[in-house]
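Please set out how the chain below is packed.

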Amino acid sequence: MSTNPRGLESQFAGFDLLATMVAVIQPDGECLFANAAFENVMRLSRRAVVHGNLYDWLVDASHLREAVAGVARNAYSSSRFDAHLRRNPQHQQRNEEPLPVQVIVSQIEGQALVLVELIENEQQMRQDREERTLDQVQATKELVRNLAHEIKNPLGGIRGAAQLLAMELQGTELWDELAEYTQVIVHEADRLQSLVDRLLAPHRRAQVVVDVNIHEVCERVRALVLAEFPRGLAIVRDYDTSLPDFRGDREQLIQAVLNIVQNAALALQPRIAAGDACITLRTRVARQVTIGKQRWRLALELHVEDNGPGVPAEIRDRIFFPLVSGRDGGSGLGLTLAQTIAQQHQGMIDCESEPGRTDFRITLPLP
Ligand SMILES: Nc1ncnc2c1ncn2[C@@H]1O[C@H](COP(=O)(O)OP(=O)(O)OP(=O)(O)O)[C@@H](O)[C@H]1O
Ligand SMILES: [Mg+2]
């Protein structure tokens, strides 16, 4: 047996071909070898990894200690458990979220060394999160729709009564004094009415299904938004023109993308004033994607990326819910509507945001 790193390196060189992380450690946790995938995820050089101790890189290493001890004393030959890996342990101040991983610990035949495999759970976690979001959105949508219906009927009555009252008052000496009140009632009832109409809108119109080209959709939205913001805003196209057409409701999809691009433009106001606001429309093919609970062989991704301040942290988890807004005068319906339209196309919208870069991704399955 050789514990000389160079000897080990050639012995385990094949692990560098793997996409999953592999480390070879001594029972005391000291890392003797780490493959390329491990280095990449840890963002450390191999030298730094090889001098480190694996027990220090897990948020809670007790499981790993037990498993290594068990394997080393031949109690069992392999063990599996979940853990959290600290990335780049030398830069804790960066405050990175620990990475959820599944850990597999095995004996290396005939050597007092232990093989540790770490498989990222991120994919799984993300999928779980998306499924939860879809369920929640479905539930709130029902609630809002029912509520909107309940508001609609009495609203008509209130408005009508205010109008009758105005007619009765006309010509009397009370008119001058009270006319304004009836106007306020009618005006506010109209405002509520249009809010309710928007809440009910996505469920009202039947889909008009035609062949849709996603770039045609992007171009329409781009022209509309540039007409609204003629100066200070660049809308960059980064299209994968090999994307095929698909069946969908073109007008609805334009509405969905427009809502997202308009949000970006509104968030970019200060940069538009400064003249360096930028929105990128990027299209890409995605393979083997899971949307909700369904798996698709092929999908398209449309990214709407902006260099604005980012979605306010307080509402980041809730922006797709109705009536959640982070700006004055916003009704908080734009993204709800966009998400509903995406779902009616078996797709979904998600968002990654940090100051300086916000990326809304629309994923739609392709035939
Ligand atoms: N690109 C973005 N950058 C920063 N914040 C964003 C971005 N897109 C959305 N938001 C935030 O998400 C909130 C919700 O957006 P949404 O479109 O649903 O509603 P709204 O824009 O407030 O109102 P409405 O679209 O109904 O007029 C916005 O108010 C804004 O705070
Ligand atoms: Mg909006």
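In this predicted model, local features need pLDDT of at least 70 and side-chain atom pairs count only at pLDDT 80 or more, while totals for chains, interfaces and linings use all residues. Residues are numbered from 1 along each chain as its sequence is written, and chains are lettered from A and ligands numbered from 1 in the order in which they are written.

The largest nonpolar core has 36 residues, and those touching the most other members are Val257, Ile260, Val261, Ala264, Ile279, Val304 and Ala342. A nonpolar core here is a set of buried Ala, Val, Leu, Ile, Met, Phe, Trp, Tyr and Cys residues joined through C-beta atoms within 7 Å. Buried is taken as 20 or more other C-beta atoms within 10 Å of the residue's own, exposed as 12 or fewer, and partly exposed as in between, with C-beta atoms placed from the backbone. Elements that each supply at least two residues of this core include helix H8 (214-228), helix H9 (250-267), strand E9 (277-291), strand E10 (294-306) and helix H11 (334-344). H9 gives the most, with eight residues. Helices (H or I, at least four residues) and strands (E, at least two) are DSSP runs, numbered from the N terminus.

Ala342 touches Ala256, Gly347, Met348, Ile349, Ile362 and Leu364, leaving aside residues up to four places away in sequence; contact requires C-beta atoms, placed from the backbone, within 7 Å. Another core, of 30 residues, lies apart from the largest one, and Val101, Val105, Val116 and Leu118 are among its members.

Eight of the eleven residues of H11 are buried, so the helix is largely enclosed by the rest of the structure. The buried residues are Gly334, Leu335, Thr336, Ala338, Gln339, Thr340, Ile341 and Ala342. Just after H11, Gln346 takes a positive phi of about 60 degrees.

Two packed helices are described by the angle between their axes and the distance between the axes. H9 and H11 pack at an angle of about 145 degrees, with their axes 9 Å apart. The contact involves residues of H9, including Leu253, Ala256 and Ile260, and residues of H11, including Leu335, Ala338 and Ile341.

H9 and H11 each supply at least two residues of the shell around ligand 1. This shell numbers 22 residues, and the closest are Ser325, Gly326, Gly330, Gly334 and Leu335; a residue belongs if its C-beta atom, placed from the backbone, lies within 6 Å of the ligand. The largest share, four residues, comes from H9.

Ala83 is in strand E3 (residues 78-85). Its contacts are Leu58, Asp60, His63, Leu64, Val101 and Val103, not counting residues up to four places away in sequence. The C-alpha atoms of Ala83 and Gly310 are separated by 31 Å, and the two residues are 227 apart along the chain.

Asn74 is found in the loop between helix H5 (62-72) and E3, and Leu323 in the loop between E10 and H11. Neighbour counts follow.

| Residue | Other C-beta atoms within 10 Å | Class |
|---|---|---|
| Ala83 | 21 atoms | buried |
| Asn74 | 8 atoms | exposed |
| Leu323 | 14 atoms | partly exposed |

Asn74 has a positive phi of about 70 degrees although it is not a glycine. Leu323, not a glycine either, has a positive phi of about 65 degrees.

Definitions and conventions: Contact = placed C-beta atoms within 7 Å. Axes fitted to C-alpha atoms, helices over the stretch in contact; angles between N-to-C directions.
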